[in-house]
Amino acid sequence: MPRLPRLTGAATAALTLGLVAAAPAAPAADDEPLVTDARVIAHFDPATGQTPENIALEPDGSADLTFAYARTVAHVALDGTTTPRAKLPEVANPDTPLVRSAVVTGIARAHDGTLYVNYATGTSATGVWRVSPGSAPVQIAELPPDGFPNGLALDERRDVLYAADSVRGTIWRVPRAGGTATAWATGPAFAPLPAPPASGFGANGVKVHRNAVWVSNTDRGTLLRVPVVQDGSAGPVETRGDGLTGVDDFAFPGHDKSVLVALKSGSEVVLVRPDGTVTSLLTAAEGLSEPTSVAVRGRTVYLPSADLSTRRNPSLLLAHLRHLIGRG
């Protein structure tokens, strides 16, 4: 699928919050970049495990982040003030595949303020945990200890969560109220590559969008769409993007099937349009350092940078989206 050159140009308006209706627009001209005004609003401490992994947004535009190696959910205000919200319990002798440490990964937020997170430990504590305001985290579903639950998405209409297992190549479906996890989708499209240069990470990010579950596969560099059929089961897998080296998590900037995708290994964020065209939007030049996820609220783009390689400057960036991308 074709990949367009990166759009460049002068910075425009300051960050703006709020959802604004807009008709589908053509790609921005060279002097009108689609994403502008990237700036770091919070720096984190890698010495204490503050490596941001995933993000969920609050109604006021603040963010909830998972700090993978600190086993922590933290709240980041728009002025950058960072406070812990919850800490997942310590596990004796964690043996998580690929990382060998206990890590908190994906996060999803319900409208009532409840947060759900994935916890990967290599023990029976592996699974989906609920973080209710003012309460300690509670495990609501176990997942296989030899797996690696990564991205997490909530479908409030169906009252289910979807957890992407990077090692087992499975999308788990979990009742929101808690209970037994079921393998909702599995197969080669979700699995990691079987041989080097494989990283061992297959299914990674996961989102629910317009009656479908979307999944990224890091090893295969793909973005997949899986329709949810009427009985709730998984429909046939569709490939909506490929050649996405180092793909991690992603977000939808509008109502159509365009996607903002974080490419961790390339320290880049790209736009994948419905026809598969890929356009580079932000790179390390704007301060990105191994972004692990993306979130969008109105015209504001949120970009956690894990900086796992150098461990010098994990951070949260905000940027301005010049216009919404499609609707209908």
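How many bridges join strand β24 to strand β25? The answer is 6, and the two strands run antiparallel. The legends below take this pair as their starting point.

This is a predicted model, in which local features need pLDDT of at least 70, side-chain atom pairs count only at pLDDT 80 or more, and totals for chains, interfaces and linings use all residues. Residues are numbered from 1 along each chain as its sequence is written, and side-chain values use heavy atoms, with hydrogens and water left out.

**View 1. Strands β24 and β25 pair in antiparallel fashion.** Strand β24 covers residues 300-305, and β25 covers residues 315-321. Strands here are DSSP runs of E with at least two residues, numbered from the N terminus. Two strands count as paired if DSSP finds at least two bridges between them. Look for S305: its bridge partner in β25 is S315. Strands of a sheet pair through backbone hydrogen bonds, either parallel or antiparallel.

**View 2. Four strands form an open sheet.** The order is β2-β25-β24-β23, and the pairing is antiparallel. The edge strands are β2 (35-43) and β23 (295-297), each of which pairs on one side only. Neighbouring strands of this sheet are turned by 25 degrees against each other on average, direction ignored. Axes for such angles are lines fitted to C-alpha atoms, and angles run from 0 to 180 degrees between N-to-C directions.

**View 3. The largest nonpolar core has 18 residues.** Such a core is a set of buried Ala, Val, Leu, Ile, Met, Phe, Trp, Tyr and Cys residues joined through side-chain atoms within 4.5 Å. Buried means under 20% relative accessible area, exposed means over 50%, and partly exposed lies in between (1.4 Å probe, protein chains only). L282 and L303 have the most contacts inside this core. Strands β20 (259-263), β21 (268-272), β22 (278-282), β24 and β25 each supply at least two of its residues. The largest share, 3 residues, comes from β25. In soluble globular proteins, nonpolar side chains tend to be buried together.

**View 4. R322 sits in the segment after β25.** With a relative accessible area of 25%, R322 is partly exposed. Its C-alpha atom is separated by 9.1 Å from that of T300. Along the chain, R322 and T300 are 22 residues apart.

**View 5. E58 and R85 meet in a salt bridge.** A salt bridge is a side-chain nitrogen of Lys or Arg within 4 Å of a carboxyl oxygen of Asp or Glu. Here the N to O distance is 2.9 Å. The pair links distant parts of the chain, 27 residues apart. E58 lies in the loop between β3 (52-57) and β4 (63-67), while R85 lies in strand β6 (residues 82-87). E58 is buried at 10% relative accessibility, whereas R85 is partly exposed at 31%.

View 6. D155 is buried, at 6%; R158 is partly exposed, at 23%. R176 is in the loop between β13 (170-175) and β14 (182-186), and E156 is in the loop between β11 (149-155) and β12 (160-165). R176 counts as buried at 17%, and E156 as partly exposed at 25%.
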